Amino acid sequence: MGRIDGKVALVTGGAQGLGEAAVGRLVEEGAIVILSDANTETGGVTADKYGVAFERHDVREESQWESLMSRILKQHGRLDILVNNAGIFTSCPVDETPLEDFRRVIDINLIGCFLGCKHGVRTMARNANESGGSIINLSSVTGLRGQIGGAAYSSSKGGVRLLTKTVAIENAARQIRCNSIHPGTMYTPMVEALFDSAGDAAPAIKAQIESQTPIGRMGEPADIADMVLFLASDESKYVTGAEMVVDGGMTTGLPY
Ligand SMILES: NC(=O)c1ccc[n+]([C@@H]2O[C@H](COP(=O)([O-])OP(=O)(O)OC[C@H]3O[C@@H](n4cnc5c(N)ncnc54)[C@H](O)[C@@H]3O)[C@@H](O)[C@H]2O)c1
């Protein structure tokens, strides 16, 4: 018996990294998972790996949310779990950030999450017996505090944090819960790309991240997938509007 047997779950940006790990964990515990991603190639391969359905889906496009939700309702009759995971990372000083770059990050990370919450709530509100649902939004530790280079990224993730609380308070009475997860630095293709672009400086950057993390290592996608599973399951039925920090202690205080 799985912890979320028979629940219907949608994971956006599920092709790789934290989204892929969440897909795997939800499947292991009995959910019927739909993996969506803007990247059709990787998305299809990952969906086949876990034996789940793949949907091509750009989270910025409201019409795509509408059609995806109606396909899910037609096929499964309900949506119980939505993981708003799709996102991009950028780093640039505020005075050098082009407006179009700032807008692109807000568009994908914050507006994409808003559209997910809007259409997720509408769909979950139709679940039989008013059984509600669980919306899980991927924010970041940089959504809790500023970060050098984070004008766009931190702003988007800070927005996700308060969007989450708003969705939670508006929908608590109908048992639709909404929580945010705040990962520290997790080893995914997003972070690998950063190391690649750092070239020879990459080992020093990795050592610095580890020294700023009291647990002494970077996070693994499975660390986040376990939190996704908890928030998706009925074990968290009294948890809504919460900020679940999964960062190896990175934000607990200064390391000196
Ligand atoms: N890796 C980390 O250290 C870390 C830390 C904090 C927060 N996060 C957040 O966790 C989430 C996942 O991060 P990751 O490291 O797995 O990233 P990743 O780059 O490895 O994967 C992100 C996925 O999102 C998809 N995507 C990007 N834009 C999209 C769009 N417009 N529509 C649909 N899909 C889109 C990509 O194709 C990719 O498959 C992101 O929201 C990220 O900001 C990651």
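Helix H1 (17–28), H5 and helix H6 (189–198) each give at least two residues to the shell around the ligand. H6 makes the largest contribution, with 3 residues. Keep in mind as you look around that this is a predicted model.

In total, 29 residues surround the ligand, and the closest are Asp37, Asn85, Tyr153, Met186 and Thr188. Sorted by class, the shell holds 13 nonpolar, 12 polar and 4 charged residues.

| Residue | Atom on the protein side | Distance to a ligand oxygen atom |
|---|---|---|
| Leu18 | backbone N or O atom | 2.8 Å |
| Asp37 | polar side-chain atom | 2.6 Å |
| Asn85 | backbone N or O atom | 2.8 Å |

How much of the ligand's accessible area does the protein cover? On its own the ligand has 820 Å² of accessible area, and the protein covers 92% of that.

Now let us turn to the sheet. It is open, has 7 strands and pairs them in parallel, in the order E3-E2-E1-E4-E5-E6-E7. The edges belong to strand E3 (53–56) and strand E7 (243–246); each has a single partner strand, so one side of each has no neighbour in the sheet. On average, neighbouring strands here are turned by 20° against each other, ignoring direction.

For a look at one pairing, take strand E1 (residues 8–12) and strand E4 (residues 81–84), which run parallel and are joined over 3 bridges. Within this pairing, Leu10 has Leu82 in E4 as its bridge partner.

Helices pack against the strands too. Helix H2 (residues 40–50) packs on the sheet, where it touches strand E2 (32–37) and E3, and its direction makes about 170° with that of E3. Helix H5 (residues 151–171) lies across strand E5 (133–138), strand E6 (176–183) and E7, and runs at about 160° to E6. H5 is also one of the helices that supply the ligand shell.

From Ala151 to Pro93 the C-alpha to C-alpha distance is 6.9 Å, although the two are 58 residues apart in sequence.

Notes: Residues numbered from 1 in each chain as written. Predicted model: local features only at pLDDT ≥ 70, side-chain atom pairs only at ≥ 80, totals over all residues. Heavy atoms only, no water. Pairing = 2+ DSSP bridges. Helix = DSSP H or I, 4+ residues; strand = E, 2+ residues; numbered from the N terminus. Axes fitted to C-alpha atoms, helices over the stretch in contact; angles between N-to-C directions. Contact = heavy atoms within 4.5 Å. Near = heavy atom within 4 Å. Polar contact = N/O pair within 3.5 Å; in protein donor to acceptor, adjacent residues only side chain to side chain. Areas by Shrake-Rupley, 256 points an atom, 1.4 Å probe, with all protein chains shown as cover. Nonpolar A, V, L, I, M, F, W, Y, C, P; charged D, E, K, R; others polar.
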